[in-house]
Amino acid sequence: MMNAIIKITVSVVLLSWASGFRSFPKPSPASGIGSDTIFNFGRPATQADIQRWDIDVRPDGKGLPGGSGTARKGKTIFAQKCAACHGLTGVEGPSDKLVSTDSSQVKAIGNYWPYATTVFDYIRRAMPFNQPGTLTDEEVYSLTAFLLEANQILKPGTELNAQTLPAVQMPALKKYILDDRTGGPIIR
Amino acid sequence: MKPISGENPTLQPIKVSRRKLLGGAAAAALVLVEAPFARAVQVAVTQAELTDPTKIPGVPPGQVGTRSTFEKPVKKPSNISSRTPLQDLFGTITPSDLHFERNHNGVPAIDPAKHELVIHGMVEKPIVLTLADLKRFPSVTRICFLECSGNFRSGSEKLSPQDICGLTSQSEWTGVMLSTIFRQVGVDPKATWFLAEGSDAAVMTRSIPVRKGWDDAMIVYAQNGEAIRPEQGYPFRLFLPGYEGNMSIKWLRRIELSDAPYLTREETSKYTEPLKDGKIRYFSFDIDARSIITFPAYPAQVQKGWIEIRGIAWSGRGKVQGVEISTDAGKSWHPASLNGPILDKAHTGFRYVWQWDGRETELQSRVTDETGYLQPTYQELVTARGSKGGYHFNPITGWILKPDGRVLLSNG
C-alpha cells in the first residue's frame with residue numbers, strides 16, 4: 001500500500017515537472033485536430049440511397065413526380081381512403097377540416113395553406129393516417145385535385161401534374177409574413 | 001427458493017412467499033425475491049410488513065434502479081402528446097422518462113443497426129451515416145431545454161403547470177455538431193436551407209436555415225447519460241437549441257441541402273401564428289422567454305408562514321437575465337434568486353422566500369432574457385396578437401392563494 005502511494009506521488013511529481021508544473025496541460029496543436037478538421041466517417045451516398053427517400057416537393061415544383069390526376073378520380077379515392085377521418089366532403093371530421101374558403105373559420109386548405117405543392121407532399125408522405133406512404137403518385141395527384149377543387153381553388157376538370165400543380169395560386173399566400181422578431185423589449 | 005447470491009455471501013434476503021407479497025393491499029415498497037426462472041424481480045410489499053425498516057434486510061443491489069413507490073410523477077398523455085409533470089420535479093433536468101412527447105403518428109420502433117441518415121442535395125459529397133458513425137465524431141454535451149411552441153393552455157382554475165405548459169423539458173444532450181458533418185459533406189455556399197426528415201409514420205419534415213446548422217445545431221444520440229429514448233428520437237434526432245421543438249426532427253433519416261425552403265405542412269398549416277391584422281406569421285423559430293412558478297401551484301395545498309416560491313424560466317434567445325416575483329397580483333415585483341449555473345437556452349431555476357399572512361393573494365413570475373425581452377402579461381399578448389392562444393404564447397402565469405390553502409390558476 002505504502003509503496004503504491006509513493007509510486008503515485010513520484011509519478012505526479014514527474015508529470016508536473018514534465019508539463020512545466022501544470023497538472024493538466026492544454027491539448028497540444030500537434031494532435032492535428034482543428035476547427036476545420038474533416039473526419040470522413042460514414043460512406044458515400046449512392047443515387048439509390050438518395051432516391052429511396054427523396055420524396056420532398058418544393059413550392060416551385062422541384063421534386064414532383066410524373067403522372068397526373070383529376071378531382072373526379074380523387075373523389076372516389078377520398079371516399080374510400082380518407083372520408084373515415086375527414087368526412088365525405090372534407091368538412092365533417094372528426095380529424096382536420098380540409099375544406100373552407102372562409103378565413104374566419106378554422107384553418108383549412110382553402111383559407112390557410114399558402115402552397116398547393118404542400119398538399120401533394122403531405123398526402124404522399126403521411127396519409128392515409130393508418131396506412132401512410134401507400135398511395136400511388138397518380139392517386140396523390142387526384143386527391144390533391146379533389147381537395148383544391150372542393151376549396152374552389154382549382155377550376156373543375158383541371159388535370160394536375162408536375163407542371164400545373166406548382167402554378168396553382170393559393171389565396172392564403174398573400175397573408176404570410178416572415179417572423180422578424182429578434183428579442184428586445186417589444187411584444188408582438 | 002434459493003437465496004440470491006451477491007458479493008457478500010453472509011447477507012441473504014429474507015425468504016418471503018410470492019403469494020404473501022402479492023396478496024396485500026396498498027403496495028408500499030419494494031423487496032427482491034427470486035422468480036421461478038432464477039432471476040431477481042422486484043415485488044411490492046404491504047405497509048404492514050414494513051413498519052420498521054431496521055428489522056428486515058433491505059433490497060440487494062439490482063440491475064436497474066426504480067423510483068420509490070411513494071413517488072409517482074407521471075406524464076399526462078393525450079392522443080398526440082404527453083406532458084411533463086413540472087410541479088413534481090426539482091432542479092432543472094427532466095428525468096428522461098418524464099420528458100414531454102409530441103408525436104405526429106406514434107413512436108416508431110427502430111433497430112439502430114438498420115437505420116441510416118442520408119445527407120444530400122447541395123453538397124459536394126453526399127454521405128450515409130449510421131449511429132456507429134455518428135459516435136466516432138468528436139462529441140459535444142450540452143444542457144438545453146426543448147419546448148413545443150404550442151404550449152399554452154387555459155380554461156380552468158384547476159390546471160397544474162403540467163396542464164398549462166408541460167410541453168417543455170430539459171436534458172443533457174450528447175451528440176455531434178452538425179457543422180462538423182456539414183464540413184465533411186462540403187455544403188454548397190449557395191445553400192440557404194436544409195430539410196430534415198424523420199423516419200416515423202408522419203415522415204415529419206421541417207425546413208431549417210443553413211446558418212442554424214453552422215451555428216449550434218446538433219445531431220444527438222444520448223440524453224441524460226444514456227442512449228436517447230425512443231420517444232425522443234432513438235437512435236438519434238436533430239437538436240436545435242432554442243428553436244421550437246417541432247423542428248428538432250426525431251428519428252432523423254435524411255437531411256437535404258437546398259437553396260429554398262420547402263414550406264412543408266408543419267411550417268405552414270400548423271406551426272404559424274394568425275395575427276390581428278389578418279396576416280399569418282411563419283418561420284417563428286425562437287422560443288420566447290417564459291417563466292412559471294411550479295410551487296406553489298395547483299394542485300398544491302399550502303400553509304401560511306414561510307413559503308419558498310420556486311419555478312423555472314427560460315428563453316430560446318439566450319440566457320435568463322433575471323426573474324421577478326410578485327406576491328400582489330403584479331402590482332409590485334421583487335427579484336428572485338437564480339440557481340446557477342445560468343446556461344444559454346436552458347431552463348433556469350429560481351427561488352423567492354416569502355412569508356404568507358394567510359390572506360388571499362396572487363403570485364406571479366416574469367422573466368427578462370439577455371436580449372432585454374420581458375415576459376408579457378396575458379392581456380399584452382392578446383392585445384398584440386389579437387388571439388387568446390396559439391403557438392408561441394408565453395404569458396405570465398398567476399396563482400391565487402386561497403385562505404384555506406388551495407392554490408388555483410388565476411384567470412383560469
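Biologist: Which residues are exposed on the other side of α3(A)?
Modeller: Those are Thr76(A) and Gln80(A). Keep in mind that this is a predicted model.

Biologist: And which residues of that helix are buried?
Modeller: In α3(A), which spans residues 71-81, the buried ones include Ala71(A), Gly74(A), Ile77(A) and Phe78(A).

Biologist: Why do the buried residues line one face of the helix?
Modeller: Look down the axis of α3(A): its buried residues fall within an arc of 115 degrees, so they line one face. As a rule, an α-helix has 3.6 residues a turn, so residues three or four places apart point the same way.

Biologist: Nice. What covers the buried residues of α3(A)?
Modeller: The cover includes three elements of chain A: β2 (68-69), α4 (83-86) and α7 (137-150).

Biologist: New topic, the two chains. How many residues does each one bring to the contact?
Modeller: Chain A brings 40 residues and chain B brings 45.

Biologist: Which element gives the most on the chain A side?
Modeller: That's α6(A), with 5 residues. β1 (43-44), α2 (47-51) and β4 (176-178) of chain A are also among the elements that each supply at least two.

Biologist: What kinds of residues are they on that side?
Modeller: Where chain A touches chain B, there are 22 nonpolar, 13 charged and 5 polar residues.

Biologist: Which strand of chain B is joined to β1(A)?
Modeller: It's β7(B), residues 127-129, through 2 bridges, and the two strands run antiparallel. Within that pairing, Pro44(A) has Ile127(B) as its bridge partner.

Note on methods: Residues are numbered from 1 along each chain as its sequence is written. Chains are lettered from A and ligands numbered from 1 in the order in which they are written. This is a predicted model: local features need pLDDT of at least 70, side-chain atom pairs count only at pLDDT 80 or more; totals for chains, interfaces and linings use all residues. Two residues are in contact if their C-beta atoms, placed from the backbone, lie within 7 Å. Helices (H or I, at least four residues) and strands (E, at least two) are DSSP runs, numbered from the N terminus. Ala, Val, Leu, Ile, Met, Phe, Trp, Tyr, Cys and Pro count as nonpolar, Asp, Glu, Lys and Arg as charged, and the others, Gly among them, as polar. Two strands pair if DSSP finds at least two bridges between them. A residue is buried if 20 or more other C-beta atoms lie within 10 Å of its own, exposed if 12 or fewer, and partly exposed in between; C-beta atoms are placed from the backbone. The arc is that of the directions from the helix axis to the C-beta atoms.
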